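My notes follow in the order I took them.

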Amino acid sequence: MTILPPERDPEGQRPPATTETPSRPHPTRREFLRHAALFTGTVAALGGGLTLLTRRPGAVDTTPGENLVWRPDRPLGPYDTTEAVTPYREATTYNNFYEFGLGKDDPVRLAGSLRTRPWTVSIDGEVRKPQTVDLGTLQSWFPLEDRIYRMRCVEGWSMVMPWLGFPLAALLRRVEPTGQAKYVQFTALHDPEQFPGQRSDVLDWPYVEGLRLDEAMHPLTLMAVGLQGRVLLPQNGAPLRLVVPWKYGFKSIKSVVRITLTREQPRTTWSAAAPDEYGFYANVNPAVDHPRWSQASERRIGELGRRPTLPFNGYAEEVAHLYAGMDLRQFF
Ligand SMILES: Nc1nc2c(c(=O)[nH]1)N[C@H]1C(S)=C(S)[C@@H](COP(=O)(O)O)O[C@H]1N2
Ligand SMILES: [Mo]
């Protein structure tokens with residue numbers, strides 16, 4: 001398979017990350033949000049060449065991530081998309097992970113500073129069996145499943161990601177939510193030694209996200225430990241990240257260290273940072289524009305041009321019932 005070099009900043013005409021000198025004062029949150037508006041949006045179609053996408057990534061090599069047990073030729077499951085998988089190189093070099101910085105290539109450049117082993121995850125709050133477990137132990141509880149999902153960033157680009165992971169529902173059942181549990185909060189690692197981006201205050205660290213319990217229990221909701229047959233790389237949220245494919249990408253929190261079941265709707269990083277722009281639900285909805293840009297279409301990384309965005313990112317049949325009677329326009 002031919003893999004073209006990663007596109008440089010296809011979403012905007014931001015200068016290369018090297019011009020962001022560390023001596024520059026940290027942008028305030030307002031500045032950052034304004035910048036984000038400039039970086040995203042209209043010039044998407046200029047990026048990229050025509051990348052030849054294969055239906056299946058084919059042979060799995062062992063670098064840079066270790067192999068996981070993966071069967072690229074397995075029959076497709078009910079939740080898999082048959083759309084072309086985004087080349088591994090693109091999926092691992094064009095990332096949003098503000099703990100490493102704001103640039104799309106900051107995560108891959110700086111990923112070496114994250115130590116993903118040993119790693120422990122605490123599960124607490126409204127559960128009968130709260131516990132803190134080593135990731136290896138946690139993983140040994142569940143068989144890994146292979147899911148090929150669409151991923152749609154609120155910035156207007158998307159990818160197709162073959163994840164390896166286990167349903168969050170399996171983990172939640174194991175810790176036995178109490179009758180009071182209504183929501184799940186996820187917390188990412190907070191360690192400025194390992195995450196250079198946390199030395200600036202562009203966001204309130206740690207990054208936190210949340211789901212309603214029924215969303216968390218939905219079979220589509222995955223805790224991923226691998227991507228395209230390899231152990232998850234730091235830039236994709238190693239060693240454990242949430243994947244909620246019908247919601248904008250920012251809900252799929254990376255490098256999770258804590259899962260807390262709560263009675264009240266938990267705080268989430270982006271809705272707290274800009275409540276007029278990002279909501280708790282954040283379901284992909286082409287009919288509701290972000291205040292500063294349209295959500296009607298998206299650019300699939302590796303493709304030319306734009307394609308229409310689908311309600312619930314194409315998973316309406318699976319998840320629309322979760323929101324029956326709710327005002328879909330509130331979702332920002
Ligand atoms: N902890 C953490 N998780 C995060 C982010 C982040 O900055 N920090 N960015 C989010 C956003 S905006 C997107 S689009 C996806 C990107 O996932 P990917 O880089 O694996 O494609 O991760 C999400 N998870
Ligand atoms: Mo995103």
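**Entry 1: N95**

I began with N95, which is buried at a relative accessible area of 4%. My cut-offs: buried is under 20% relative accessible area, exposed is over 50%, partly exposed is in between, with a 1.4 Å probe and protein chains only. This is a predicted model, so I noted the ground rules: local features need pLDDT of at least 70, side-chain atom pairs count only at pLDDT 80 or more, and totals for chains, interfaces and linings use all residues. Residues are numbered from 1 along each chain as its sequence is written, chains are lettered from A and ligands numbered from 1 in the order written, and side-chain values use heavy atoms, without hydrogens and water.

I placed N95 in the loop between α2 (88–91) and α3 (106–110). Helices (H or I, at least four residues) and strands (E, at least two) are DSSP runs, numbered from the N terminus. I then listed contacts, meaning heavy atoms within 4.5 Å. Leaving aside neighbours within four places in sequence, N95 touches G103, K104, P107, Q235, N236 and K254. The N95 side chain also reaches the backbone oxygen of A91 at 3.0 Å. I count a polar contact as a pair of N or O atoms within 3.5 Å; within protein, one must be able to donate a hydrogen and the other to accept it, and residues adjacent in sequence count only if both atoms are side-chain atoms.

**Entry 2: ligand 1**

Which residues come nearest to ligand 1? Of the 17 residues around ligand 1, I found that N95, Y98, E99, R241 and K254 come nearest. A residue is near if one of its heavy atoms lies within 4 Å. By class, I got 9 nonpolar, 5 polar and 3 charged residues in the shell. Ala, Val, Leu, Ile, Met, Phe, Trp, Tyr, Cys and Pro count as nonpolar, Asp, Glu, Lys and Arg as charged, and the others, Gly among them, as polar.

I went through the polar pairs next. An N or O atom in the N95 side chain is 2.8 Å from an oxygen atom of ligand 1. A polar backbone atom of N96 is 3.2 Å from a nitrogen atom of ligand 1. For R241, a polar side-chain atom lies 2.7 Å from a ligand oxygen. The protein covers 99% of the 540 Å² of accessible area that ligand 1 has on its own. That area comes from the Shrake-Rupley method with a 1.4 Å probe; for residues, only the protein chains shown count as cover.

In an unreviewed entry, UniProt lists N95, Y98, E99, C153, N236, R241, S252, I253 and K254 under "binding site". UniProt positions are in the numbering used here, feature names are shortened, and annotations may be inferred rather than shown by experiment.

I found S252 in the loop between β9 (241–243) and β10 (256–262). S252 counts as buried at 7% relative accessibility. Beyond four places in sequence, S252 contacts R241, L242, V243 and V244.

I followed that to L242, in strand β9. Buried or exposed, I asked of L242? L242 is buried, at 0% relative accessibility. Its contacts outside the sequence neighbourhood include L168, F186, L211 and M223. I also noted L242 and A224: 18 residues apart in sequence, 6.2 Å apart C-alpha to C-alpha.

I logged a cis peptide bond joining R117 and P118, with omega about -10°. P118 sits in the loop between α3 and β1 (120–125). The bond from A238 to P239 is also cis, with omega near -5°. P239 is in the loop between β8 (230–231) and β9.

Then I turned to positive phi. Q228 is not a glycine, yet its phi is about 50°. Q228 lies between β7 (222–227) and β8, in a loop, and is buried at 5%. N313 has phi near 55°. I found N313 in the loop between β12 (307–308) and α8 (316–319), buried at 2%.

**Entry 3: Q194**

I ended on Q194, in the loop between β5 (183–188) and β6 (208–212). Q194 is buried, at 6% relative accessible area. Its side chain has a polar atom 2.7 Å from the backbone nitrogen of R115. The side chains of Q194 and D191 make a polar contact of 2.7 Å. Further contacts of Q194 include F100, S113, L114 and L189.
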